[in-house]
Amino acid sequence: MTAELRQTRATSADELCREAYAASGGPVTGVALVAVGGYGRGELAPHSDLDVVLVHEDGLDLGDLGATLWYPLWDSGRRLDHSVRSMSEVLEAAADLRVALGLLDARHLAGDPGLSLRLRTTMLADWRRQARTRLPELKAMTLKRHDVTGELAHVSVPDVKEAEGGLRDAGVLKAIEASWLVDASTPALEAARLMLLDVRDEVQDLAGRPADRIAPEMWGPLAERLGLADAAAAQRHVRSLGRRIAHLSRLAWRRTDAVMARSTGERGRRTPALERIAPGIALSRGEVVLDAGTRPGDDPTLLLRGAAEAASRDAVLAPTTAARLVREGAELPVPWPVPARDALVRLLASGPALLPVWETLDEVEGIGTFLPEWEQIRLLPHASAIHRFTVDRHVVETCAAAGTLIRSVRRPDLLLVAALLHDIGKGSLHDHSVAGEPLARKVVARMGFTDLDAEVVASLVRWHLLLADLATTRDPDDPATTAELLTHVPDAASLELLRALTEADARAASPAAWTTWRASLVDRLVSRAGQALGAEITHVAPAGSLPVPDVVRRDPAAVSVEIVPHEVGATVTVVAADRVGLLADVAGGLAALRVPVHAARAWSQVDAEGEWGVSAWEVPDAYLDASVVRERIRRVVEGTQRLPDLPARPDGELPPIVEVRPDASRASLVLEIRTSDRPGVVHRVLTTLAGLGLTVASAHVSTLGPQAVDVFYVQEVGGVRPTEERAAAAAHAVRTALGG
């Protein structure tokens with residue numbers, strides 16, 4: 001939509017209001033019809049409300065003027081949000097922050113223009129006078145909204161109005177600007193706001209109603225309406241607008257907080273003081289700027305050094321300074337000089353303070369000056385549902401997480417650079433780990449690292465998913481699992497780097513991707529690999545068997561259930577005398593309660609008193625009752641519990657993949673199952689295997705978004721590895737049971 005069309009819509013709405021006022025016979029003085037909120041700035045979308053107030057002088061009796069005025073507007077078919085208030089009532093209502101924000105945008109439509117002007121000037125004066133008490137309230141309200149709606153640049157169904165970086169935030173920035181405390185409104189903000197208004201107009205046209213959320217199926221039609229290439233281009237466009245407004249909003253709030261925190265003496269200073277903090281770089285009122293007399297073209301390391309100083313001090317990298325360095329700065333030589341490489345490592349090691357500085361670099365197009373490969377992943381949506389951010393933001397979050405782990409590795413610089421580059425291969429047509437390896441090698445060499453360092457980082461990029469994959473889908477106690485890991489991780493230094501990168505990557509993905517459960521699986525495998533290498537890996541606790549409860553030792557039919565809540569649900573641990581079908585019965589008990597299983601691990605323990613089956617199940621419900629779970633398992637064992645049927649596979653959904661991994665273990669048959677996650681899948685698989693007389697030596701169940709990846713180590717009774725014929729029969733039976 002063009003600006004002219006948007007303005008035409010607003011103008012026609014203005015004319016409608018003026019005509020209605022004229023038809024009502026409203027007086028010329030003492031009464032004014034004003035638009036409030038977004039409508040007052042030409043923001044009227046096709047399905048938006050007309051949000052108007054009929055204001056009058058105190059003591060003036062309007063009679064039935066209000067009703068006479070509203071009827072023509074209702075008859076026009078427009079949605080109308082209206083009120084009639086005296087001037088003193090308007091000012092009293094402005095005690096509500098939401099009302100005050102709308103009145104800051106008050107605009108005259110009809111009636112007495114002098115009254116409208118007095119209303120507006122009075123509101124602005126009151127807002128400026130009360131800014132130091134009202135802005136903290138506005139900030140709290142804004143942050144609460146962000147918690148509910150998420151960030152426009154990253155949520156899967158973004159709200160262009162309410163989400164962080166949306167139109168509501170653009171209005172908040174205008175309110176900050178109106179306080180006169182800081183400069184919050186910029187040409188970049190206004191341009192982004194107008195383009196986002198275009199997006200909202202088209203979304204509402206597509207929906208045929210006043211909708212602000214962009215559903216996944218809208219991206220294609222939206223691209224066509226906005227003149228963009230495809231749905232992916234539309235996503236990048238909208239999310240880039242949201243990112244820009246969110247960045248400007250964070251910057252404005254940070255500057256506002258700094259202004260309100262200054263003492264009276266500091267407020268009166270006309271010329272900000274410069275504190276030199278590094279060659280050519282100074283600090284002024286909490287922002288990193290160029291020192292007096294510094295010429296950007298003389299030092300190619302200035303941009304990276306300035307960014308590193310800002311992040312390491314948790315200060316603002318002044319956008320005007322960063323933009324000038326991009327515009328006038330010298331190009332980095334290849335290989336980089338040592339100060340540039342050191343500055344990058346310092347920047348990446350700054351933890352949470354990295355994000356705002358990196359955002360500033362992104363906004364001024366500074367990242368491409370030292371990492372041109374970044375453009376391939378910039379604003380790229382993740383294909384996996386478990387990721388909460390776009391690929392580029394996920395990488396920054398991974399670096400921030402890696403910054404907290406640098407004491408656990410011998411080469412923290414390589415950990416941080418690997419975190420920066422681990423997803424650099426995304427956006428290509430190939431596996432991103434494979435595509436990223438040569439890119440990482442080239443980038444690290446360009447940065448001036450040694451060839452050996454470049455190979456280490458390239459290997460970390462290539463295998464950054466390996467450790468988590470093996471830990472969650474293989475038995476960490478099986479020597480074959482350790483052998484496979486060590487095929488690609490040749491030494492202890494690389495192992496500790498891979499372990500730290502695995503944790504950072506998972507933490508950056510989502511809270512569910514790095515739970516206590518997943519950490520324990522990774523650490524168990526790393527511990528085994530470390531023992532094989534003759535090394536002790538930092539932060540890895542040696543794995544051990546669980547104690548067998550006395551009630552289970554006394555009664556062969558007893559089942560022990562223990563539930564431990566944690567950050568994203570609970571761990572349900574079940575211990576009983578081992579037998580064929582035990583694991584299937586436990587899975588049946590959970591299925592009977594309709595409890596989703598996010599991950600599970602099962603194994604056998606042998607001691608002098610017997611052989612015990614142990615299983616630990618990760619579930620999202622932290623309030624499960626252990627006695628209820630134990631009772632459902634008992635009913636399943638007795639055959640008195642009705643179990644829910646496995647839902648049918650929807651039409652068009654890919655069939656389950658059931659494969660035998662002959663080289664994954666020497667002692668067991670390894671069945672790997674990949675299928676859509678449906679209630680009862682684990683129970684159906686385990687019941688099928690038990691029906692064939694096969695025991696499960698260990699199981700590794702993992703749910704990744706909508707997909708289940710389950711691995712079962714299967715043996716004959718007595719611990720014998722099944723023959724190839726039995727393996728093929730088991731795979732076929734499981735595939736059939738799952739509807740394949």
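Visitor: Where does R594 lie?
Guide: R594 is in the loop between α25 (582–592) and β11 (599–607). Those labels are DSSP runs, numbered from the N terminus: helices are H or I with at least four residues, strands E with at least two. The model is predicted, so local features need pLDDT of at least 70 and side-chain atom pairs 80 or more, while totals for chains, interfaces and linings use all residues. Numbering starts at 1 along each chain as its sequence is written, and side-chain values use heavy atoms, without hydrogens or water.

Visitor: Why does R594 count as exposed?
Guide: Its relative accessibility is 62%. Buried means under 20% relative accessible area, exposed over 50%, and partly exposed in between (1.4 Å probe, protein chains only). R594 therefore counts as exposed.

Visitor: What of R285?
Guide: R285 is not a glycine either, and has a positive phi of about 50°. R285 sits in the loop between β6 (281–284) and β7 (287–290).

Visitor: What makes R285 count as partly exposed?
Guide: The value for R285 is 38% relative accessibility, so R285 counts as partly exposed.

Visitor: Which bond joins V334 and P335?
Guide: A cis peptide bond, with omega about -5°. Most peptide bonds are trans. P335 is placed in the loop between α13 (319–328) and α14 (338–348).

Visitor: Why are α22 and α23 called roughly antiparallel?
Guide: The axes of α22 (492–509) and α23 (516–533) cross at roughly 175° and come within 10 Å. Axes are lines fitted to C-alpha atoms, for helices over the stretch in contact, with angles from 0 to 180 degrees between N-to-C directions. Under 35 degrees is roughly parallel, over 145 roughly antiparallel, 65 to 115 roughly perpendicular, the rest oblique. So α22 and α23 are roughly antiparallel to each other.

Visitor: Which residues of α22 and α23 meet?
Guide: A492, L495 and R499 in α22 meet V522, D523, V526, A529, G530 and L533 in α23. Contact means heavy atoms within 4.5 Å. The residues divide into six nonpolar, one polar and two charged.

Visitor: What makes α22 mostly covered?
Guide: Of its 18 residues, 16 are buried.

Visitor: What span does α22 reach from its first C-alpha to its last?
Guide: α22 reaches 26 Å, close to the 26 Å expected at 1.5 Å a residue. The expected span is 1.5 Å times one less than the number of residues.

Visitor: What caps the N-terminal end of α22?
Guide: D491 does: a side-chain oxygen of D491 lies 3.3 Å from the backbone nitrogen of A493.

Visitor: What makes α20 roughly antiparallel to α21?
Guide: The axes of α20 (466–473) and α21 (479–488) come within 11 Å and cross at roughly 175°. That angle makes α20 roughly antiparallel to α21. The contact is made by L466, L467 and L470 of α20 with T481, E484, L485 and H488 of α21.

Visitor: Why does L181 count as partly exposed?
Guide: L181 has 21% relative accessibility, so L181 counts as partly exposed. L181 is in the loop between α7 (167–178) and α8 (187–207). Leaving aside neighbours within four places in sequence, L181 is in contact with A131, R132, L135, V259 and M260.

Visitor: How many helices and strands are in the protein chain?
Guide: The chain has 28 helices and 16 strands. Buried residues make up 52% of its 740 residues.

Methods:
Ala, Val, Leu, Ile, Met, Phe, Trp, Tyr, Cys and Pro count as nonpolar, Asp, Glu, Lys and Arg as charged, and the others, Gly among them, as polar. A polar contact is a pair of N or O atoms within 3.5 Å; within protein, one must be able to donate a hydrogen and the other to accept it, and residues adjacent in sequence count only if both atoms are side-chain atoms.
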